[in-house]
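Here is a short briefing on one structure. Keep the sequence and the 3D view open while you read.

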Amino acid sequence: MFKWFSKNGHHKTEPEKPTERRVVIDVQDVTKVYKMGEVEVHALRGVSLQIYEGEVVSIMGPSGSGKSTLMNILGCLDQPSSGVYKLDGVDVSVMPEQDLARIRNKKIGFVFQSFNLLKRTSALRQVELPLIYGGTSGRGKKARAALEAVGLGQRLDHLPSELSGGQQQRVAIARALVNEPAMILADEPTGNLDSRSGTEVMQIFQSLNREKGMTTVFVTHDPWIARHTQRVIMLRDGIIIADREVANPLVAGEVERPSEAEELEGLFRDAYYGGKREEYN
Ligand SMILES: Nc1ncnc2c1ncn2[C@@H]1O[C@H](COP(=O)(O)OP(=O)(O)OP(=O)(O)O)[C@@H](O)[C@H]1O
Ligand SMILES: [Mg+2]
């Protein structure tokens, strides 16, 4: 009671509220069971999490821990076996497929490890495709602008085979962005890239977040990539075993990638000790 009086004696009616943050992703006790004939695979075993507008989150965990399963649910590509998933306040856990497809197309931009580009299709055309499905007008102009935004304004007519891996991933990012989605979901977007291209991809995601407040959820196996995000969620055997803020997220391209040992130490130092070296050891 007493502590709500400030030093100069004025009565404060309530403690200071943190700035209001809007929940975009609200997952409550979600499970996913795959039935393989007689065998059931429990890929998610009760996952709850909330992701706020404008957050950049990475999801980590060993192979088979349920990361892609969770991403598929977050992206409305699949639905939970039980539990509730609210996207932007709307319960999508039991929605019919055609409504889900509409939400996917409108709200979510997907980026995959393997780029998922069409082989015989130019960069410009790849980026136009979601607009064609959505029946949007002014497609050429919008697709060109999206490619320019990822630094590929000079590569509009190139086929995937005429682009580097990093450039192909940037086409995929332009394609994910062209519908102006509310969030980006990326399943190991840097998994097939050398570290320079990986850094370029992270720079794009970070500037999207900085400039447009884009909510971004990544799956990554790479602690160095995870350190460029604001929060790390760790999965194991279908449950969340850790969910922590990254104390000082790195700015892509500003710091040279350290050795693997230093990298891991850095991640854990930030996660456990808030980045204060003196408390570490
Ligand atoms: N469509 C499916 N049918 C049956 N089992 C599946 C299916 N998809 C995933 N699984 C199983 O569910 C578990 C979680 O798989 P998931 O793909 O989510 O893991 P992950 O964390 O993404 O792994 P990785 O790091 O290897 O990509 C695994 O045991 C996997 O074999
Ligand atoms: Mg996976």
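In what order do the 4 strands of the open sheet stand? The order is β2-β1-β4-β5, and the pairing is antiparallel. This is a predicted model: local features need pLDDT of at least 70, side-chain atom pairs count only at pLDDT 80 or more, and totals for chains, interfaces and linings use all residues. Residues are numbered from 1 along each chain as its sequence is written, while chains are lettered from A and ligands numbered from 1 in the order in which they are written.

**Sheet**
- Helices (H or I, at least four residues) and strands (E, at least two) are DSSP runs, numbered from the N terminus.
- Two strands pair if DSSP finds at least two bridges between them.
- β2 (39-52) and β5 (90-91) are the edge strands; each has a single partner, so one side of each lacks a neighbour in the sheet.
- β1 (residues 23-36) pairs with β4 (residues 82-87) in the antiparallel sense over 5 bridges.
- Valine 27 stands opposite tyrosine 85 in β4.

**Shell around ligand 1**
- The residues around ligand 1 include Tyr34, Met36, Gly64, Lys67, Ser68 and Thr69 (C-beta atom, placed from the backbone, within 6 Å of the molecule).
- β1, β2 and α1 (67-74) each give two or more residues to this shell.
- α1 gives the most, with 3 residues.
- The shell divides into 4 nonpolar, 7 polar and 1 charged. Ala, Val, Leu, Ile, Met, Phe, Trp, Tyr, Cys and Pro count as nonpolar, Asp, Glu, Lys and Arg as charged, and the others, Gly among them, as polar.

- Buried residues of α3 (residues 123-134) include Leu124, Val127 and Pro130. A residue is buried if 20 or more other C-beta atoms, placed from the backbone, lie within 10 Å of its own.
- Their cover includes α2 (97-107), α4 (139-149) and α5 (165-177).
- Leaving aside neighbours within four places in sequence, valine 127 is in contact with residues including Ala143, Leu147 and Ala174 (C-beta atoms, placed from the backbone, within 7 Å).
- Val127, Leu147 and Ala174 are also among the residues with the most contacts inside the largest nonpolar core, which has 63 residues. Such a core is a set of buried Ala, Val, Leu, Ile, Met, Phe, Trp, Tyr and Cys residues joined through C-beta atoms within 7 Å.
- α5 gives the most to this core, with 6 residues.

**Positive phi**
- Glycine 135 follows α3 and has a positive phi near 65 degrees.
- Cysteine 76 is not a glycine, yet its phi is positive, about 60 degrees. Cysteine 76 sits in the loop between α1 and β4.
- Phenylalanine 115 is not a glycine either, and its phi is positive, about 65 degrees. Phenylalanine 115 lies in the loop between β6 (108-112) and α3.

Technical notes. A residue is buried if 20 or more other C-beta atoms lie within 10 Å of its own, exposed if 12 or fewer, and partly exposed in between; C-beta atoms are placed from the backbone. Two residues are in contact if their C-beta atoms, placed from the backbone, lie within 7 Å.
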